[in-house]
Amino acid sequence: MMYRYFHQSKKSLCLSVLLIVVCVSPLCASLIQNDTIPRGIAAGGTTYTSYGNFHMKFTIPDTLSFLLAKTTDSTNTEVITDYAIADAGVNVAVANLILVSRAAMNTSFTFLFSWNELKQTPDIGNAISYMVAFRDSANTLNKPATGTKILSYTYVKADSDYTSTKLGSVIVNMDEDSYQSALSGEYSDTITVTLQGEG
Amino acid sequence: MKKALLLLLLTASMIPAWSISDTETMRITAHYNKISTQRSAVFSILTTNNVDNGNSDITISNAAIGSLAETFRWNFSGTLYNQTAADGTLYSSMSVSYQFSPLQNGTNVIPMDISFEPNYTTLGSSYLGQSGATVGNVNYKDTQSWTTKTLSVDETAQTATATYTLTGTDNGLLWKRTGSVYVKLDQARANSAGAGTYVSTVTVTVAVC
């Protein structure tokens with residue numbers, strides 16, 4: 001009986017050692033694989049090897065801006081903030097709408113123009129009504145709906161030019177009757193242009 | 001006999017009862033035998049901060065728009081295999097070949113120029129420079145040649161190969177060479193390029209003899 005117990009103990013010992021070896025073998029292999037192995041080549045006569053591939057990357061961030069530039073500006077960079085209207089009853093180009101975007105072709109941009117009326121300074125209740133329109137690069141005059149003071153214009157990018165692009169001209173047409181009957185003085189208003197969405 | 005049985009009984013009672021649920025520990029050590037410096041060479045790509053790049057991506061800086069900007073370095077070291085030239089001169093040589101795919105995002109490509117510049121060369125503890133150095137009464141000189149020093153990569157992949165030869169060499173001295181690779185992006189095309197990440201794949205092949 002003692003012999004059997006001793007014999008079984010030896011078997012258990014052997015089994016345990018075997019289990020330990022089985023368990024630690026992958027660990028041992030893992031340790032070897034994770035050691036610092038010099039990348040490169042073992043020479044001996046002529047040896048050719050591929051180091052491998054890697055990537056060089058250059059990232060251009062997306063930019064999106066627009067501006068109202070002088071109509072006489074050939075560089076599309078001269079921002080205009082004031083324009084003196086001299087004529088009534090005619091379409092006057094007061095600014096160029098310039099878009100700067102690195103968006104891809106077929107991306108659409110919607111601009112919203114809003115305005116009120118030309119009010120006398122100081123404001124004593126006198127005003128001259130006027131209309132804002134947009135003449136696009138195809139020479140189409142985009143007008144607001146009758147009686148409204150808001151205009152929406154959507155531009156769809158038609159090329160891969162990511163530099164400044166002139167989309168068209170902002171047009172102002174001062175109401176002639178309103179102008180003729182107005183008292184003398186300086187009248188002014190602010191046209192607000194908002195890039196409403198990009199898609 | 002009784003004494004013997006008693007002794008055996010006592011001995012048996014001291015043997016622990018093993019079972020598979022026992023928890024044991026065992027210390028494992030592993031040693032990796034690195035390649036001998038004899039007849040071996042190691043090539044690696046480094047960042048401009050001299051950090052081993054592995055096979056990670058390397059970023060081209062904005063400074064590369066319109067002017068050459070150092071983009072990555074390479075490092076070679078090894079004790080090379082002596083060859084005998086026709087005139088009896090002993091020499092060792094290595095060449096490194098780069099292939100660059102166009103820097104592109106989808107179908108959009110930014111043309112680039114790539115310039116290769118040598119840095120320092122040492123043999124053992126001696127700096128060789130362009131005119132070489134005398135080590136152990138033997139004059140060692142390292143020469144280099146590029147098939148093209150500046151590479152233009154536009155719409156198609158381009159390859160440049162450099163060959164470095166060390167004459168008067170002797171087994172046992174460690175030859176080290178480093179170089180820098182500069183990139184210049186076409187300014188007009190980079191400024192007018194669409195937003196996104198432009199990628200060029202660089203394939204490096206090293207030959208030693």
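Guide: A residue counts as buried if 20 or more other C-beta atoms lie within 10 Å of its own. The model discussed here is predicted.

Visitor: What share of the residues in chain A is buried?

Guide: The criterion is 20 or more other C-beta atoms within 10 Å. It is applied to the 199 residues of chain A. The buried share of chain A is 17%.

Visitor: How many strands does chain A have?

Guide: The secondary structure of chain A includes two helices. Besides these helices, the number of strands in chain A is 13.

Visitor: Which residue in β7(A) is the bridge partner of Leu118(A)?

Guide: Strand β6 of chain A covers residues 118-121. Its antiparallel pairing with β7(A) runs over two bridges. In β7(A), the partner of Leu118(A) is Ile128(A).

Visitor: Over which residues of chain B does pLDDT stay under 50?

Guide: Chain B has a mean pLDDT of 80, and 78% of its residues reach 70 or more. Where pLDDT is low, the predicted coordinates should not be read in detail. That caution concerns a stretch for which the model has 14 contacts beyond four places in sequence. In chain B, pLDDT stays under 50 over residues 30-38.

Key. Residues numbered from 1 in each chain as written. Chains lettered and ligands numbered in written order. Predicted model: local features only at pLDDT ≥ 70, side-chain atom pairs only at ≥ 80, totals over all residues. pLDDT = per-residue confidence, 0-100. Contact = placed C-beta atoms within 7 Å. Helix = DSSP H or I, 4+ residues; strand = E, 2+ residues; numbered from the N terminus. Buried ≥ 20, exposed ≤ 12 C-beta atoms within 10 Å, placed from the backbone. Pairing = 2+ DSSP bridges.
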